[in-house]
Amino acid sequence: MKLHPTGVLLRPDNRRVVVRPFISIDPTRIEHVIARALALSEQETEKQLSLVRADFSERHIALDKSWLRNFAKVQGHIRDSETISEGRRLFIGALFSGEYALESAALFNPSIVPHPDQSGVGQGDLALS
């Protein structure tokens, strides 16, 4: 397959990303992440939360709300979760969050690329990867 430059430049725009849950289906992995977060002191948790917030707050509205929703999804893995501070809840929620760029998914989704082998495909049809 030969590639031919088109002159089109794609530039990222960090304003067009969303926050979504990034939670493993493996309970052991969830508990491992939570254990590491709970091992931090309250002061270190606040420091880490501040760093994460500085990285993401400019791109997202209601970031804390998203993080708290994700915390609620893993809260069942924590004993006495009602005693956890707001800052730690936010930090744990952030650990189970990921940014998702819709445009990137659309551009790099392999299903939109013609499969290199089109043999056996009917006239006017197209096999996709």
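The side chain of His60 makes a polar contact with the side chain of Glu99, at 2.7 Å; a polar contact is a pair of N or O atoms within 3.5 Å, where, within protein, one must be able to donate a hydrogen and the other to accept it, and residues adjacent in sequence count only if both atoms are side-chain atoms. This is a predicted model, in which local features need pLDDT of at least 70 and side-chain atom pairs count only at pLDDT 80 or more, while totals for chains, interfaces and linings use all residues. Residues are numbered from 1 along each chain as its sequence is written, and side-chain values use heavy atoms, with hydrogens and water left out.

- His60 lies in the loop between H2 and helix H3 (63–74); helices here are DSSP runs (H or I, at least four residues), numbered from the N terminus.
- His60 counts as buried because its relative accessibility is 10%, where buried means under 20% relative accessible area, exposed over 50%, and partly exposed in between (1.4 Å probe, protein chains only).
- Not counting residues up to four places away in sequence, His60 touches Val17, Val18, Val19 and Glu99, with contact meaning heavy atoms within 4.5 Å.
- Ala62 is also placed in the loop between H2 and H3, and it has a positive phi of about 55° although it is not a glycine.
- With a relative accessibility of 42%, Ala62 counts as partly exposed.

- Asp80 is found in the loop between H3 and H4, where it has a positive phi of about 55° without being a glycine.
- Asp80 counts as exposed, since its relative accessibility is 52%.
- Ser81 belongs to the loop between H3 and H4 and is buried, with a relative accessible area of 8%.
- The side chain of Ser81 makes a polar contact of 3.0 Å with the side chain of Gln75.
- If neighbours within four places in sequence are left aside, Ser81 is in contact with Phe71, Gln75 and Arg89.

**Packing of H2 with H4**

- Helix H2 (residues 42–56) and helix H4 (residues 86–95) pack at an angle of about 50°, with their axes 9 Å apart; axes are lines fitted to C-alpha atoms, for helices over the stretch in contact, and angles run from 0 to 180 degrees between N-to-C directions.
- H2 and H4 are therefore oblique to each other, given that angles under 35 degrees count as roughly parallel, over 145 as roughly antiparallel, 65 to 115 as roughly perpendicular and the rest as oblique.
- In H2, Glu42, Thr45, Glu46, Gln48, Leu49, Val52 and Arg53 meet Gly87, Arg88, Leu90, Phe91 and Ala94 in H4.
- The residues of this contact between H2 and H4 comprise five nonpolar, three polar and four charged, where Ala, Val, Leu, Ile, Met, Phe, Trp, Tyr, Cys and Pro count as nonpolar, Asp, Glu, Lys and Arg as charged, and the others, Gly among them, as polar.
- Gln43, which is found in helix H2, is exposed, with a relative accessible area of 68%.
- Although Gln43 and Arg88 are 45 residues apart along the chain, their C-alpha atoms are separated by 9.9 Å.

**Packing of H1 with H4**

- Helix H1 (residues 27–38) and H4 pack at an angle of about 145°, and their axes are 10 Å apart.
- This contact is made by Val33, Ile34, Ala37 and Leu38 of H1 and by Arg88, Phe91, Ile92 and Leu95 of H4.
- By class, the contact of H1 with H4 has seven nonpolar residues, no polar residues and one charged residue.

How values were computed
Helices (H or I, at least four residues) and strands (E, at least two) are DSSP runs, numbered from the N terminus.
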